[in-house]
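Today I opened a new model and kept notes as I went.

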Amino acid sequence: MAGKVEIIPYLAFNGNCEEAINTYIEAFGGEIYFLSCWSEDTFEVTPEQIGKVMHVEFVLGNTRMAGGDSFNGGGANTDIKLMIHMDSKEEALHTIDILAEGGTVISPLKPHPEPDDAGCGSVTKDRYGYTWIITCPNPDKQ
């Protein structure tokens with residue numbers, strides 16, 4: 001196999017893709033590389049698509065990702081979980097606060113059980129329906 005294969009997570013949204021991506025960039029840092037929107041000439045299903053995201057490519061940390069607004073009747077498939085390692089407890093808590101706005105903290109940030117207790121973890125479901133596992137080093141074990 002020639003070249004390096006890169007898996008790019010693709011997230012589907014229910015008409016709020018651009019808002020969600022900007023929230024994630026606020027939470028993790030990153031940038032949008034490319035964003036295109038449906039127009040009157042390009043929408044495929046319903047006029048509600050006009051002005052919504054057809055395709056976006058962005059980076060969160062070192063992870064390249066993509067997404068768009070889904071209008072195929074299936075809606076957003078939020079069955080996957082996204083795991084992000086943060087460098088500090090403070091960064092992790094800041095990120096959790098942003099993701100929890102309009103969402104739900106399923107499990108607050110706490111040390112993992114032994115033997116993995118060198119790290120801490122939290123699970124948050126954001127207002128867009130995605131579940132984020134946020135981890136960081138356990139400050140009590142450093």
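Predicted model: local features only at pLDDT ≥ 70, side-chain atom pairs only at ≥ 80, totals over all residues.

I found 4 strands forming an open sheet in the order β5-β8-β7-β6, with mixed pairing. Then I looked at the edges: β5 (81–85) and β6 (104–111) each have a single partner strand, so one side of each is left without a neighbour in the sheet.

Next I picked β7 (residues 119–125) and β8 (residues 131–137), which pair in the antiparallel sense over 7 bridges. I followed T124 across to β8, where its bridge partner is W132.

**A helix.** I moved on to α2 (residues 89–100), which has 12 residues. From first C-alpha to last it reaches 16 Å, close to the 16 Å expected at 1.5 Å a residue. Which of its residues are buried? I noted A92, T95, I96, I98, L99 and A100. The cover over the buried residues of α2 includes α1 (17–28), β6, β7 and β8. Just after α2, I spotted G102 with a positive phi of about 80°.

**The core.** Last, I looked up the largest nonpolar core, which has 29 residues. F13, Y24, F28, W132 and I134 have the most contacts inside it. At least two residues each come from β1 (10–13), α1, β3 (53–60), β5, α2 and β8. The largest share, 7 residues, is supplied by α1. I zoomed in on F28 and, leaving out residues up to four places away in sequence, found that F28 touches L60, G61, I84, M86, T95, L99, W132 and I134.

Notes: Residues numbered from 1 in each chain as written. Heavy atoms only, no water. Pairing = 2+ DSSP bridges. Expected span 1.5 Å × (residues − 1). Buried < 20%, exposed > 50% of the residue type's maximum accessible area, 1.4 Å probe, protein only. Contact = heavy atoms within 4.5 Å. Core = buried A, V, L, I, M, F, W, Y, C linked by side-chain atoms within 4.5 Å.
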